[in-house]
Amino acid sequence: MTSTPITPTPAGGDEEDDRLRWKQVQKGLLSGGGFFADSYDLFVINPGLTNLAVGYRQTSTDESLIASMALWGAVTGQLAFGLLADMIGRKAIYVTTVLRITIGSIGSASA
């Protein structure tokens, strides 16, 4: 068995590596922000329902329907935007989805 010597990489590729790492960080932050905004919208339903129950007379059936429709809306949106991403392109749909979720989260938080 012969071992292959390890050759050092030539200098000068650091700038390109830094740009690649920054793009990876940007993608990670964008994905994390989108996930955070989406999960915030889904988890804020229960405290919101509690506040609605104080102001409006709601039965437990009404509360269950509202919470279920929010989850069904999330599933429907994932399927619809997934199909659009396959047809149009992932980057454009991903940016559109993140923007819509972020605007919705800001609206939900400030309501």
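Questions on surface residues and a salt bridge

Me: Which helix holds Leu-79, and is Leu-79 buried or exposed?
Reply: This is a predicted model, in which local features need pLDDT of at least 70 and side-chain atom pairs count only at pLDDT 80 or more, while totals for chains, interfaces and linings use all residues. Residues are numbered from 1 along each chain as its sequence is written, and side-chain values use heavy atoms, with hydrogens and water left out. Leu-79 lies in helix α3, residues 60–88, where a helix is a DSSP run of H or I of at least four residues, numbered from the N terminus. Buried means under 20% relative accessible area, exposed over 50% and partly exposed in between (1.4 Å probe, protein chains only), so Leu-79, at 58%, is exposed.

Me: Which residues form a nonpolar patch on the surface with Leu-79?
Reply: A patch of this kind joins nonpolar side chains (Val, Leu, Ile, Met, Phe, Trp, Tyr) within 5 Å, from residues with over 30% relative accessible area and no salt bridge. The patch has about 450 Å² of accessible area together, by the Shrake-Rupley method with a 1.4 Å probe.

Me: Which side chain meets Asp-86 in a salt bridge?
Reply: A salt bridge needs a side-chain nitrogen of Lys or Arg within 4 Å of a carboxyl oxygen of Asp or Glu, and the count by this rule is 1. With 2.6 Å from N to O, the partner of Asp-86 is Arg-90.

Definitions and conventions:
Patch = residues over 30% accessible without salt bridge, like charges linked within 9 Å, V, L, I, M, F, W, Y side chains within 5 Å. Helix = DSSP H or I, 4+ residues; strand = E, 2+ residues; numbered from the N terminus.
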